[in-house]
Amino acid sequence: MNTLVVATGDWFSGVWAAWNRFWFQPQQPHTLAVVRICAGAMLLYTHLVWLINQQMFLGRDSWINGPTAELLNTSVDGRNFAWSYLYYVDSPILLGLLNLAAVIVFLMLTIGFYTRVVSVLAFIITLSYCHRLTGSLFGLDQVNAMFATYLMLGPSGAVYSVDRWLAERRGTATPVVPSAGTTIAIRLLQLHMCVIYLFGGIGKARGELWWDGSACWYAIANLEYQSFDLTWLVQYRWFIALLTHITVFWEVFYCFLVWPKLTRPICLALAVGVHGGIALFLGMPTFGLAMIIGNLAFVYPETVAAVVSLKWLRRSPESFDEVPVVRLKKSGEERDERRETRDGGNARILAGRRAT
């Protein structure tokens, strides 16, 4: 009985420890910083598109005016959980100033200037525009809102930012250290991506076209989505069926295959292929690019740091975070030397062991 109790206690202790590691084990901010740059640029671009015809989207005589949008977001008991400050803006001049302020905030978020402040402002602005533009939103806007939500939770401006550059110039920069805030933001983004793909895959699996292998053909042949004429692929029906089945299989099982280190590169490569194809051939470049940005959350920060610093081009052992054990023989003496570099502060730990 005591053995069973101890084994059960150990199991719960292990589960609790794994839970804490998953959510709170500190990690470096490089991945989150790259997501900030890419997502901030996408938010900026999306907002600039709205500004091309801001009166039609947000003005007094827009397709859906402010009071109507507020009413659409109000429940039958009179409660509104989709608040937006744009409901109450009627003046074209004030609307123009608010739009200009939003553009400045998204630009500051992209370059990482006063990042902690503007990331919160970017979240409020993004959500307010989404609520105000009820009826005019697409998948890209929802993905943008997802980015804005999680970027404000972590220190996305700790690296690759104007904030970091200014701190280094002033001599006040502190070493880049891993943080639990980064882990929480990245984990939430990762889980959100899994939920998107799981329900997207389940939805596809309910359609007959995804089972008979013709779904991709109907997308390719639809003139509304065509960026390039790929109808010549009809000569290779087996290839279209293969694309269809791989797509639905990958989407349904993404939430299982993206976590193990063995299958993660394959899963991310398929994500780039699927969304790159949507961006290039189906007329949705911004949505395809946004989903690829979301998949960046699964790239290890060490990998991001190495790629951004172009260390992979130097082909030097010291360029990588870890190098294998080097065995040296000199005058009958064998020396094992392990060199490790720690990312973020250019700190290097050299641990040596000599044996005769």
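Me: How far apart should the ends of α7 be, given its 13 residues, and what does the model show?

Reply: Bear in mind that this is a predicted model. For a helix you count 1.5 Å a residue, so the 13 residues of α7 should span 18 Å. The end C-alpha atoms of α7 are 19 Å apart, which agrees.

Me: Okay. Is α7 largely enclosed or left open by the rest of the structure?

Reply: A general idea to start with: an α-helix has 3.6 residues a turn, so residues three or four places apart point the same way. Now count the burial here. Ten of the 13 residues of α7 are buried, so the helix is largely enclosed. Among them are Leu140, Val143, Met146, Phe147 and Leu151, and also Asp141 and Asn144.

Me: And what covers those buried residues of α7?

Reply: The cover includes α2 (30–52), α5, α6 (115–132), α9 and α14.

Me: What does the lining of the largest pocket look like by class?

Reply: There are 25 nonpolar residues, eight polar ones and two charged ones.

Me: How many salt bridges does a search of the whole structure find?

Reply: Four. To read one, look for a Lys or Arg side-chain nitrogen within 4 Å of an Asp or Glu carboxyl oxygen. Take lysine 204 and glutamate 251, whose closest N and O atoms are 3.2 Å apart.

Me: Are lysine 204 and glutamate 251 buried or partly exposed?

Reply: One of each. The cut-off for buried is under 20% relative accessible area. Glutamate 251, at 8%, therefore counts as buried, while lysine 204, at 22%, is partly exposed.

Me: Which residue pairs with arginine 60?

Reply: Aspartate 90 does, in a salt bridge of 3.1 Å, N to O. The two are 30 residues apart: aspartate 90 is in the loop between α4 and α5, and arginine 60 in the loop between α3 and α4. Aspartate 90 is partly exposed, at 43% relative accessibility.

Note on methods. Residues are numbered from 1 along each chain as its sequence is written. This is a predicted model: local features need pLDDT of at least 70, side-chain atom pairs count only at pLDDT 80 or more; totals for chains, interfaces and linings use all residues. Side-chain values use heavy atoms; hydrogens and water are left out. Ala, Val, Leu, Ile, Met, Phe, Trp, Tyr, Cys and Pro count as nonpolar, Asp, Glu, Lys and Arg as charged, and the others, Gly among them, as polar. Helices (H or I, at least four residues) and strands (E, at least two) are DSSP runs, numbered from the N terminus. Buried means under 20% relative accessible area, exposed over 50%, partly exposed in between (1.4 Å probe, protein chains only). The expected span of a helix is 1.5 Å times one less than its number of residues. Contact means heavy atoms within 4.5 Å.
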